[in-house]
Amino acid sequence: MLSIGAFAQLGRVTRRMLRHWDAAGLLVPEHVDQVTGYRSYDPSQLERLHRIVALRQLGFGLDDIALILTAGIDADRLTELLRARRAEVAAEHRLAEERLRDVSRRLHLIEQENPMTATEIIRKPLSPLRLAALSGHAAEQPEVPAVVGPLFAQVAKALVAAGTTPGLAIATYDMGEDGLRITAGFEVSGEVPSSLEEVVLPAAEDAFCSVHLGAMDSIPDSWQALHTEIVARGAAPSGPARELYLRSEPTPQVEWVTELQQPASAG
């Protein structure tokens, strides 16, 4: 018989892992002392331990390992499990490569003594949102404030008149050949007044996001930094840009907090 320490050393695993597999019923000791609780293993159990380790290294979970060890598994099912695991590993590999590129790029910026962006830019999925909104058009960027402000005011007035409290303020910007199509509105859960548009912003699996602090006159610089980062990470904008006004009217603009969101796809 082998003590748990000797068995762990032979299998190149930890005692804690052996206890965990014992609790899960994967590898039960041959003998457990009723007084001391010491676990002892038969040398023949090393073969089962090797099989568990091999399956764990392939990425199988404990439930799948238990199924394989107790009930056996046919070639078709094993092939299915291995293909699923291959897809997971490939996705993990792509993510690791993206992170490596990002780390390398930041190191390069530091080595070149170039200032990094003052705002952190992250990637995250976006949930779908339902808005009560109105749309407008701006031929050029300088015209945006004169369009978006009145749109929000009209939507807020219609919602209040309908007895609905406006939720989170959101604007989307979709660039076309003739300029920007702007949609401005508020998140709602109830009925949308007939004078307003019901707009559903779809979920986005991947989006680049940053936070702009302060007045709107400098927000183009924040957007420029965000889009520069998207290109640097090998991605491309996908769909209209979004601005979520986390703190806005009636607070003075110097205290505004706006999240910039740009859905993206792999370049």
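I shall speak about strand pairing, a surface patch and a pocket.

Please bear in mind throughout that this is a predicted model.

Strand E3, residues 39-41, is joined to E2 by 2 bridges in the antiparallel sense. In that pairing, histidine 31 has serine 40 of E3 as its bridge partner.

I turn now to strand E12, which spans residues 257-266. How many of its 10 residues are buried? The count is 8, and the strand is thus described as mostly covered. Several strands pair with E12, and I shall take them in order of numbering. Strand E11, residues 241-247, runs antiparallel to E12 and is joined to it by 5 bridges. Within this pairing, the partner of tyrosine 245 is threonine 258 of E12. In general terms, strands of a sheet pair through backbone hydrogen bonds, in either a parallel or an antiparallel manner.

Tyrosine 245 leads us to the pocket. The largest pocket has a volume of about 950 Å³. Its lining comprises 35 residues, of which Val144, Val148, Tyr173, Glu243 and Tyr245 are the closest to the centre. Which elements each supply at least two residues of this lining? They are helix H6 (144-161), strand E6 (169-176), strand E7 (179-187), helix H7 (219-232) and E11. Of these, H6 gives the most, with 6 residues.

Lastly, I come to the surface. Leu58, Leu78 and Leu82 form a nonpolar patch there, and together they have about 220 Å² of accessible area. Leucine 82 belongs to helix H5, residues 75-111. Is leucine 82 to be called buried or partly exposed? Its relative accessibility is 36%, so it counts as partly exposed.

That concludes my remarks, and I thank you for your attention.

Conventions: Residues are numbered from 1 along each chain as its sequence is written. This is a predicted model: local features need pLDDT of at least 70, side-chain atom pairs count only at pLDDT 80 or more; totals for chains, interfaces and linings use all residues. Side-chain values use heavy atoms; hydrogens and water are left out. Two strands pair if DSSP finds at least two bridges between them. Helices (H or I, at least four residues) and strands (E, at least two) are DSSP runs, numbered from the N terminus. Patches are made of residues with over 30% relative accessible area and no salt bridge: like charges are joined within 9 Å, nonpolar side chains (Val, Leu, Ile, Met, Phe, Trp, Tyr) within 5 Å. Accessible areas come from the Shrake-Rupley method with a 1.4 Å probe; for residues, only the protein chains shown count as cover. A salt bridge is a side-chain nitrogen of Lys or Arg within 4 Å of a carboxyl oxygen of Asp or Glu. Buried means under 20% relative accessible area, exposed over 50%, partly exposed in between (1.4 Å probe, protein chains only). On a 1 Å grid over the protein atoms alone, a cavity is a set of points where a 1.4 Å probe fits but cannot get out, and a pocket is an open set with protein on both sides within 12 Å along at least five of seven lines; lining residues have an atom within 4 Å of a point. Grid points are joined across faces, edges and corners, and a volume is the space filled by probe spheres set on the points.
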